[in-house]
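Here is a short tour of a ligand site and the fold around it. Have the structure open as you read along.

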Amino acid sequence: MKKLVVLSGAGMSAESGLSTFRDAGGLWDKYPVEQVATPEGYRENPALVTQFYNERRKQLLTVAPNRGHELLAEMEKEFDVTIVTQNVDNLHERAGSNRIIHLHGELTKVCSSYAPYDLRYVKELKPDEYEVKLGDLAGDGSQLRPFIVWFGEAVPQIETAVTFVEQADVFVIIGTSMNVYPAAGLLNYVPKQAAVYLIDPHEVQVNSYRHIEVIRKGASEGVVELLSRLKQKA
Ligand code: OAD
């Protein structure tokens with residue numbers, strides 16, 4: 001089976017009704033990124049940050065995977081698929097994808113605020129636990145914090161992602177502005193002979209000279225088009 005690696009970003013979930021970050025009216029327009037997505041912001045105002053992620057979790061209950069997520073899951077019949085996602089939602093999981101690497105953490109999990117990457121204290125929340133409160137403690141006695149990789153923090157999953165990207169026969173970028181590193185840098189690890197596709201309804205500035213087949217469509221229609229282009233080549 002050919003190895004297909006997807007790098008997805010916020011645009012993957014846009015058609016499910018989740019806002020992107022940098023488009024006009026995106027999340028970072030409404031909530032300053034320094035306040036809700038940095039360790040300093042959390043230290044200054046843990047109540048605000050806790051509330052922000054509680055709202056994001058609540059929103060998860062109101063949205064569903066879109067056709068794009070579903071088609072990527074169905075592609076596992078024909079390809080060995082790895083999804084590397086910058087998204088913290090669980091829509092790839094809910095669509096049925098089996099190998100998902102979350103570079104920026106997961107909304108449905110919480111962790112220790114002393115040692116965020118200590119897996120002993122990472123906990124998956126059930127929907128009725130989505131509302132985290134100040135005073136809720138992790139196993140080490142520290143305040144429970146969102147299991148989210150904030151700006152300025154290490155990205156522990158990047159090495160695992162690189163090992164899959166280095167083996168890719170096909171690499172597909174979907175719905176990311178390619179602004180955030182190290183995620184955007186994964187393109188540099190794609191083997192020379194692999195085919196690279198980029199699905200996005202808008203123009204994306206990619207920092208690479210390699211040939212990229214651009215599919216200028218939204219995620220759902222774009223994955224349909226990808227399937228037909230891959231069939232033509234098979
Ligand atoms: P951005 O908001 O930067 O980019 C979203 C991309 O999705 C843009 O290129 C849009 O053109 C595209 N897009 C919009 N609608 C789409 C659709 N229907 N189908 C496909 N694409 C569509 O989001 P990311 O690149 O994911 O990090 O942002 C990367 C990281 O920055 C996020 O993981 C988050 C953010 O700050 C953290 O929170 C740590």
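Which helix gives the largest share of the shell around the ligand? That share, three residues, comes from helix α1 (residues 10-14). Helices here are DSSP runs of H or I with at least four residues, strands are E runs of at least two, and both are numbered from the N terminus.

A word on the basis: this is a predicted model, in which local features need pLDDT of at least 70 and side-chain atom pairs count only at pLDDT 80 or more, while totals for chains, interfaces and linings use all residues. Residues are numbered from 1 along each chain as its sequence is written, and side-chain values use heavy atoms, with hydrogens and water left out.

**The ligand site**

There are 24 residues around the ligand, and F21, R22, T176, S177 and D200 come nearest (a residue counts as near if one of its heavy atoms lies within 4 Å of the molecule). Sorted by class, the shell holds 10 nonpolar, 10 polar and four charged residues. In this scheme Ala, Val, Leu, Ile, Met, Phe, Trp, Tyr, Cys and Pro are nonpolar, Asp, Glu, Lys and Arg are charged, and the others, Gly among them, are polar. Both domain 1 (1-18 + 65-104 + 154-234) and domain 2 (19-62 + 107-148) supply at least three residues to the shell, with bounds from an automatic or database domain assignment.

| Protein atom | Ligand atom | Distance |
|---|---|---|
| E15, side-chain N or O | nitrogen | 2.8 Å |
| Q86, backbone N or O | oxygen | 3.1 Å |
| H202, side-chain N or O | oxygen | 2.8 Å |

On its own the ligand has 800 Å² of accessible area, and the protein covers 93% of that (Shrake-Rupley method, 1.4 Å probe).

**Sheet and loop**

Strand β4 (residues 105-112) is joined to β5 by two bridges, and K109 has E124 in β5 as its bridge partner.

The loop between β7 (170-174) and β8 (195-199) holds P182, which a cis peptide bond joins to Y181, with omega about 10 degrees. M178 also sits in the loop between β7 and β8, and its phi is near 55 degrees, a positive value in a residue other than glycine.

Technical notes: A polar contact is a pair of N or O atoms within 3.5 Å; within protein, one must be able to donate a hydrogen and the other to accept it, and residues adjacent in sequence count only if both atoms are side-chain atoms. Two strands pair if DSSP finds at least two bridges between them.
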